[in-house]
Amino acid sequence: MEDWNEKCAIVGVYNVPNASILSYYALFAMQHRGQEASGISASNGKKIATHKQMGLVTKVFDAPTLKKLQGNSSIGHNRYSTAGEDSIDECQPIFARYSLGEMALAHNGNLTNAKEVRTRLIEDGAIFQSHLDTENIIHLIAKSPKKSLTNRIVDALEQIQGAYALVFLSRTKMFAVRDRYGLRPLSLGQITNPDGSMGYIVASETCAFDLIGATYIRDLAPGEMLVFEGAYSQHNTTPKSLQIFTPQPKFCIFEYVYFARPDSKVFGKNVYEIRKQMGIELAKEHKIQADMVIPVPDSGVAAAIGYSRESGIPFELGIIRNHYVGRTFIEPTQSARELKVKLKLNPIAAIIAGKEIIIIDDSIVRGTTSKQIIKILRQAGAKKIHLFISSPPTISPCYYGVDTPDVSELICANHSLEEVRDFIGADSLAFLSLSGLQKSIHHDDDNHQGFCQACFDGNYIIT
Ligand code: SF4
């Protein structure tokens, strides 16, 4: 996969000693959802402290920094830039002081009416510090006439449209919310403290729970808000559920195709199992003779295993990925795209030379990376190369919190299958059908209304 990036990861930890350390590990587990910047806010019941910076989680935080983020509740954020600029002002959580005290907010998603809301707020005298959609929400809460923070959050959310999974931290409470469509994932987990009391975590992906020993409870429902309180008053800390919007489930199908880690449970299902099933369905739809099936690592691995199992064609790790190519590496210029791919991926010529191979990848965006992969496989001596994609052609950009190129740059939106094959240089090219993708998820709704699949079919649920 190239050029199609999940925007963010969020986490919230409540009623756990040194909550910021758990947020740190959770953000580390979810580093794949954003590498531009990272931040944590923590409350000790009296005040909120925040630390955020550009860079990877391990670069942004060290032991002295985390020691300053004291308290039993914290929220955190990993950022991949879409809306906004790459500066510290654009990093989250966003912190604000307002009439009810202090609050911090972290957001995964994209608001579709952000411009209109911001214009209205500016006309009313608001001053913004960043280009983030998220800052709108802070202003709407601060301006709300409602008495409690809970009601102010609901009041603010009634004025915004789009995709959001949000965590709010006040000095004594935490709130977690998903939009009515549930576009971006958010799961609830439980942590047993050393004294036997219960702590809670919400996170974009359940791989965060595994690292810190939390138990998955459930996903937040679309349109649900969880209110966590009691950590600083010895009261019951069981989160209170408020269904603030009527659920209209439209989960992002691309989480299964590419974004989520395969060891996560997303929308209640294990991602690895679904990706393997996508490979099985791909083999049912496009079965040919070849010497081996190889994945584009890491995103094509599970589907290639599925394809191999269904087709009976042996699976080989024919390409090795260098995991240490960080963002600090000097990016080659456009004309050196081949070097860029070679930095990450190296074919094993001893396995590939003279063989007819099926190479499996999760998707094609611009086509330039696929073209380079085919090129290095030919240089390694492959006799014939069939590129099979375990999802349908991506023909439309995403407006719901995913960083995607303009439609003019999406190769499958502008060219026929044969033109794309010719550009990439494969001997054949095939995609999983949309119904095959839906079948892989075992979705029992005949109309497949439960998922957003706009990047595959152009049917946007919010405009
Ligand atoms: S358009 Fe695609 S990437 Fe965006 S939310 Fe819908 S399915 Fe996910």
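Okay, quick definition before anything else: when I say helix or strand, I'm talking about DSSP runs, H or I over at least four residues for helices and E over at least two for strands, numbered from the N terminus. With that in hand, take G300, which is found in the loop between strand 18 and helix 10. I'll come back to that glycine.

Some housekeeping. What you're looking at is a predicted model, where local features need pLDDT of at least 70, side-chain atom pairs count only at pLDDT 80 or more, and totals for chains, interfaces and linings use all residues. Residues are numbered from 1 along each chain as its sequence is written, and side-chain values use heavy atoms, with hydrogens and water left out.

Let's start with the overall layout. The protein chain is assigned domain 1, residues 5-249, and domain 2, residues 273-440; those bounds come from an automatic or database domain assignment. The centres of domain 1 and domain 2, taken over C-alpha atoms, are 35 Å apart.

On to strand 2, residues 8-14. Is strand 2 mostly covered or uncovered? Mostly covered: 7 of its 7 residues are buried. Buried here means under 20% relative accessible area, exposed is over 50%, and partly exposed is in between, with a 1.4 Å probe and protein chains only. C8, I10, G12 and Y14 point one way from strand 2, A9, V11 and V13 point the other way, and all are buried.

Strand 2 also has partners, and two strands pair if DSSP finds at least two bridges between them. With strand 5, residues 73-79, strand 2 pairs in the antiparallel sense over 7 bridges, and there C8 has R79 as its bridge partner. With strand 11, residues 198-203, the pairing is again antiparallel, over 4 bridges, and V11 stands opposite A203.

N18 has a phi near 50°, a positive value in a residue other than glycine. N18 is partly exposed, at a relative accessible area of 46%. F267 has a phi near 50° as well, again positive in a non-glycine residue. F267 sits in the loop between strand 16 (265-266) and strand 17 (269-270), and F267 is buried, with a relative accessible area of 11%.

Another joins P297 and D298, with omega about -5°. D298 is in the loop between strand 18 (292-295) and helix 10 (301-311).

That brings us back to G300, in that loop between strand 18 and helix 10. Is G300 buried or exposed? Buried, at 0% relative accessibility. For a sense of distance, the C-alpha atoms of G300 and D195 are separated by 44 Å, and the two are 105 residues apart along the chain.

Strand 18 itself has M292 and I294 pointing one way, V293 and P295 the other, and all are buried. Strand 18 pairs with strand 21, residues 356-361, in the parallel sense over 4 bridges, and the partner of P295 in strand 21 is I360.

Two last residues. L282 lies in helix 9, residues 271-285, and is buried at a relative accessible area of 0%. From L282 to A165, it's 32 Å between C-alpha atoms and 117 residues along the chain. E36, in the loop between helix 1 and strand 3 (37-43), counts as buried at 12% relative accessibility. E36 and Q234 are 38 Å apart, C-alpha to C-alpha, and 198 residues apart in sequence.

That's my tour, happy to chat.
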